[in-house]
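Let's take a walk through this model together, one region at a time. Have the sequence and the 3D view open as you read.

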Amino acid sequence: MAKKQQTAIAPVRAEDYPEWYQQVIKASDLAEKSPVRGCMVIKPWGYALWENIMRGMDDMFKATGVRNAYFPLFIPLSFLEKEAEHVEGFAKECAVVTHHRLEKSPDGGLVPAGRLNEPLVVRPTSETNIGDSFAKWVSSYRDLPILINQWANVVRWEMRTRIFLRTSEFLWQEGHTAHATREEAIERTRMMLEVYADFAETFLAIPVIRGRKTESERFPGAIDTLCIEAMMQDRKALQAGTSHFLGQNFAIASGIRFQNDQEQDEHAWTTSWGSSTRLIGGLIMTHSDDNGLVLPPRIASAHVALMPISRSEEDRARVMEYTNNLAADLRRQHYHGRPVQVEIDQRDIGGARGWDWIKKGIPVRVEIGPKDIEKDAVFVGRRDREARERASIPTGKFISGFTRLLDEIQN
């Protein structure tokens with residue numbers, strides 16, 4: 001009988017795909033469960049990944065004329081009640097604040113006190129409160145279009161949760177626009193779907209299918225919902241971004257009115273579009289393997305891990321000087337507009353060090369020892385190759401070709 005190949009992640013994908021997914025997150029140190037049911041703590045390696053996603057996507061939004069703003073976390077209940085279909089769609093997922101302080105109870109605990117005159121909903125999405133602001137900002141067709149995005153957190157009280165894919169609180173961006181004509185709003189809806197598709201394929205290396213949601217799956221209150229979906233390794237589709245044509249529904253509810261160029265009053269046409277930390281879940285399920293996370297270089301938390309190896313104090317000083325010089329040379333380079341991110345790992349834990357970086361998905365691993373220095377070379381492993389497949393490369397050649405190497409891995 002053939003010996004079963006040892007892997008860093010157990011169980012493997014073929015045995016138990018949902019549990020494999022959870023174990024990849026744990027082994028790569030991306031995130032962990034919070035004490036609050038259904039919430040997550042995003043750890044530094046995972047948050048760096050989200051920062052790179054935000055940076056790349058934000059640049060693409062701004063290239064289309066969108067600007068960032070921020071709106072309150074709390075939404076008056078009356079705002080949601082203005083748009084009946086919208087509130088019905090989110091009613092079961094809303095977290096509601098009813099009191100504004102805590103007081104000691106007779107038994108020494110804390111109890112809510114100071115009931116609010118009007119309950120506040122912790123935002124599940126922001127069409128209603130952003131619509132209230134748009135109504136104040138618009139009076140003439142000359143004020144349009146308004147193209148706004150916000151990076152924020154939202155709360156949807158999910159019953160069945162899974163880290164990154166479906167959590168009670170998650171991070172996202174939500175874009176909101178207002179237009180003078182139906183055609184312009186529809187064009188923006190389609191444009192932002194293409195931005196999402198371009199980002200997913202160019203940065204995340206995830207092929208996507210563009211489509212239209214059925215009537216029963218549309219965003220509550222929308223006229224039309226477009227989406228991108230990606231096929232995961234378990235042969236299930238994952239929704240990775242949505243763009244909604246809201247028509248005049250929310251404009252009527254919020255009172256977003258303007259005087260057109262014929263000096264007639266009418267309601268604006270609005271859109272909204274969003275993507276979230278679910279993209280990280282999609283990234284894991286698209287690229288990762290039975291040894292852990294695999295990160296495309298364009299959004300990787302870091303690009304390369306340098307692992308100095310020494311047997312004596314004398315060797316250590318020489319190896320560290322060589323390692324620090326190599327790190328400085330790499331950090332002076334830019335990869336698609338972003339400085340090359342270098343990790344130096346001096347831990348004395350033997351072969352476990354390399355496996356840690358394999359599980360974390362870093363694109364390139366480099367070992368540097370006294371014998372490598374003598375040859376003026378480095379020992380290089382790539383995450384897109386077998387774990388034990390490594391090669392000695394002259395240091396000058398490695399430095400000069402490093403960004404090309406990253407492109408090769410990305411592609």
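Helix H9 keeps these residues buried: Asp315, Val319, Met320, Tyr322, Thr323, Leu326, Ala327 and Leu330. Here, buried means under 20% relative accessible area, with exposed over 50% and partly exposed in between, using a 1.4 Å probe and protein chains only. An α-helix has 3.6 residues a turn, so residues three or four places apart point the same way. H9 covers residues 313–331, 19 residues in total, and spans 26 Å from its first C-alpha to its last, close to the expected 27 Å. That expected span is 1.5 Å times one less than the number of residues. Helices (H or I, at least four residues) and strands (E, at least two) are DSSP runs, numbered from the N terminus.

A word on what you're looking at: this is a predicted model, where local features need pLDDT of at least 70, side-chain atom pairs count only at pLDDT 80 or more, and totals for chains, interfaces and linings use all residues. Residues are numbered from 1 along each chain as its sequence is written, and side-chain values use heavy atoms, leaving out hydrogens and water.

Next, find an open sheet of five strands, in the order S18-S15-S19-S20-S21, with mixed pairing. Two strands count as paired if DSSP finds at least two bridges between them. Strands S18 (342–344) and S21 (390–394) each have a single partner strand, so one side of each is left without a neighbour in the sheet. S15 (residues 304–308) and S18 run parallel, joined by three bridges; one of the pairs is Val304 with Val342 in S18. Helix H13 (residues 402–410) packs on this sheet, touching S15, S19 (364–368) and S20 (377–382), and its direction makes about 140° with that of S19. Contact means heavy atoms within 4.5 Å, while axes are lines fitted to C-alpha atoms, for helices over the stretch in contact, with angles from 0 to 180 degrees between N-to-C directions.

S5 (residues 95–104) and S6 (residues 110–122) pair over eight bridges, with Ala95 opposite Val122 and Lys104 opposite Leu110. Five residues separate these two strands in a hairpin, and Gly108 in the turn has a positive phi of about 95°.
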